[in-house]
Amino acid sequence: MEFGLSDEQRMLEDSVRGFLGEKLSMERLRKIAEIGGGFDAALWEGLIEQGVVGLLVPERFGGSGLGLLDAAVVAESLGYYAAPAPFPASLVMAPLALVAAGSEAQQAEWLPGIASGEARMSVAFAGGAGQTGDASVQLEGDRISGRLIGALDGGAASHVLIFLPDGRAALVDAHETGVDVDVRRSLDRTRPISGWTVNNAKAVILGAANDARAVAGRVLDAGRVILAADTLGAAQSMFDKALAYSKERVQFNRVIGSFQGVKHTLADLVTMLEPCRAMVWYAAHAQDAAPEEARIMALQAKAHLGEVGREVARLATEVHGGMGFTDLLGLHYWLKRIAFDRQMLGAPERCRQEAAAVQGWLAAKFGPVAAQTS
Amino acid sequence: MDLSYGPKYRALQQEVLNFVRSYGHLSPRTGGGRKRPDKRALDWQNLLLQHGYFARNIPSEYGGFGLPVDVMELAIIADAFSAAGVSPGIMNQGISMLVPTLLEVGSKEQCAKWVGPTIRGEVLWCQGYSEPGSGSDLAAAKTCARVEDGHFVINGQKIWTSSAHFADMMFLLCRTEADKGKHDGLSYLFVPMSAPGIEVRPLVTMTGRAEFNETFLTDVRIPIDQIVMGRGKGWHVANVTLKYERLLLGDPNKLIHRLARVIELMKKTTLDGVRIIEIPEYRDRLLRIQGEVLASKFHGLRLLTEQAKGEESGVSRLIVKLNGTMIAHRLSSLAVDVLGAAGLPYEPQGEALEDDEATTWQIDNMYDIGLIIGGGSSNIQRNIIGERGLGLPREPKANIKPGAKE
């Protein structure tokens, strides 16, 4: 009986971090970020070699058949290096949705492509996922029309998985006639934010209407855990940079880390950040192994990491002084990564509101996904 | 992460639930720990020890249950007790600080003599550490012990000795090696509180109660073998105890219990006819703290696993006290805000009687500030985290006054 990462998970982490540390220099990150599409072919090839792309795809479809905790370990590593790669939607939410709601034939058709890295799926919610802005879609037979905003992993996507208000998911090929994607550079230049317009486009429908909302809720929660893990990695990276800087930077003939003002800030940061690690681990673990705690853990992990992440981002920047505010150090890539994670798939306030509903502390129902999965 | 609920754990869970159902009515009220346990608390403690729900991992030759550490078992027991609102057993400085210190650095004889009576709640300990002139700078202690015909003869003054007025024993940090330096001149001694020459004077705190004491030691004689590890090793032993004190003060189980109490309070308290738990401003505060408590809870399980595997937890362990005491204060602050004006009548009853709910929360809320300061204040914790945990340089030394060699 153990609470912690397994030896295999630690090896996975070392391997992914080793790869990213070697391939993703600050210079390289800047180049990719200039385009802002959240995708780099060479990096993607490397992630395929690392076995990251098929992580959640069952072995019989060419993947590794691992669980959400393994995915969270990877997400934390990607966050640590601010890696521009379509991960939360393409490699976590989409395969989970296919496994949970796809027929055998649908799984056989789409999962091998995800595992090989050829298929990259954006995910968009037509409401209920706790995002601001308007979205609407109509489904007629196997044809879908409408407009979706705030989609994850839209850059270089081959498909988009659209969650309908009833919880079913419509899988649409990005290259079909009538499908248009507007990939916009976001505040976080390592990941874009995309709008999808579909006009009488052909869609493959996943899931039966009866348990679709529960599946959609689980996919959404998994995405939230992954974003929390990404924030954890990004915040840890900012903390490590601030700590290293405080041991180098000399003022008043002393390294600044010897001043209590700076030392205590760093102590406060590690005190708020370190417990987040076990929280994210358990939130990920619960999605696969503890269904009765899965929702509350996903919601609270997303909310808590959103809050801690913002605080770490600010204070770690402050420790760097004026240099932290410049573009020169590139620290801002991580700050913006954390800011992106915070708003996506439900900001902290929204997640806590859902957490209240899950615990019966809220009279009113809201949002189709949240209302049905609690 | 191996938290699978095999048959062994389901059996334990069932066993604990049965226990709580059969014996829960015998539990003393949860919380407290600021007075000598009464018969009810002692009987409950023995019941827990017999069933292995307390001191589960302490060797059986010392009076524990003798099982290896299994975080899942501990979590199952803690959850079941917390859900039923029954006491998880006595929490005091002897049990949480001295016992693990003895198990780590004490002799077999000392463990055999003291661990059993301490975990049964029969022998109560107080901590003789701080002095009027050495608080945060603990190693500057001036209380000294000279050796005279096979005895230490102790003279000096200690302060903030909680429980000294009812404790049986004191673990005392004092200077035994006059010719040695600041840190290696110290020893860690055991002193019976009934020894001639000890005077305990109550120290009234902001709660209006005498939770602490000043303890004066005048020519107090104890046998020379009442020492842990040996002469000059006191600073090392004291730091082992401090490590456990930080864990005690930041105990996530306490936060989990308290969170449950705050939730109950918010469900039953109304504001203009609306349950407070349904008022968004209060509810969001609760949910934010719930997130912090959940993080602390799983962090605690991670630390237990690392401890059981003999892994070095480093900075993760050092943050526990600062983290836990701050969250505890936010929880009790929320509770007094929920009580509002109706929570202002304040009539502490002293040790003989139980306080009313509002007074209890007000005391907790103030006492939490004491816990943020005690056991190494929050700013001392930040120094420890920064220096020992993160490897940051110490402040440059000011000139040391003569008399205390560095």
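Let's start with two helices in chain B: helix H7 (residues 252–268) and helix H10 (residues 320–339) have axes that come within 10 Å and cross at roughly 15°. Helices here are DSSP runs of H or I with at least four residues, strands are runs of E with at least two, and both are numbered from the N terminus. An axis is a line fitted to C-alpha atoms, for helices over the stretch in contact, and angles run from 0 to 180 degrees between N-to-C directions. H7(B) and H10(B) are therefore roughly parallel to each other. Angles under 35 degrees get that label, while over 145 counts as roughly antiparallel, 65 to 115 as roughly perpendicular and the rest as oblique. H7(B) passes H10(B) in a left-handed crossing, where left-handed says that the near helix is turned anticlockwise from the far one by less than a right angle, and right-handed that it is turned clockwise.

Who makes the contact? On H7(B), the residues include Leu255(B), Leu259(B) and Val262(B), and on H10(B) they include Ile327(B), Ala328(B) and Leu331(B). Residues are in contact if their C-beta atoms, placed from the backbone, lie within 7 Å. By class, this contact has 12 nonpolar, 1 polar and 2 charged residues. Nonpolar covers Ala, Val, Leu, Ile, Met, Phe, Trp, Tyr, Cys and Pro; charged covers Asp, Glu, Lys and Arg; the others, Gly among them, count as polar.

A quick word on what you're looking at: this is a predicted model, where local features need pLDDT of at least 70 and side-chain atom pairs count only at pLDDT 80 or more, while totals for chains, interfaces and linings use all residues. Residues are numbered from 1 along each chain as its sequence is written, and chains are lettered from A and ligands numbered from 1 in the order in which they are written.

H10(B) also packs with helix H6 (residues 234–249) of chain B, at an angle of about 30° and with the axes 7 Å apart. H6(B) and H10(B) are therefore roughly parallel to each other, and H6(B) passes H10(B) in a left-handed crossing. Here Arg246(B), Leu247(B) and Leu249(B) meet Val320(B), Lys321(B), Gly324(B) and Thr325(B).

Now hop over to chain A, which has an open sheet of 4 strands in the order S1-S4-S5-S8, with mixed pairing. Strands pair if DSSP finds at least two bridges between them. Strand S1 (121–125) and strand S8 (204–206) of chain A stand at the edges with a single partner strand each, so one side of each has no neighbour in the sheet. The twist averages 25° from one strand to the next. Strand S5 (residues 169–173) of chain A runs antiparallel to S8(A), joined by 3 bridges, and Ala170(A) stands opposite Ile205(A). Helix H5 (residues 88–101) of chain A packs on this sheet, and its direction makes about 75° with that of S1(A).

Elsewhere in chain A, strand S7 (residues 193–202) is joined by 6 bridges to strand S3 (residues 143–151), running antiparallel. S7(A) is also joined to strand S6 (residues 179–184) of chain A by 6 bridges, again antiparallel.

Finally, how do the chains meet? 39 residues of chain A are in contact with 39 residues of chain B. H8(A) gives the most to chain A's side, with 17 residues.

Conventions. Two residues are in contact if their C-beta atoms, placed from the backbone, lie within 7 Å.
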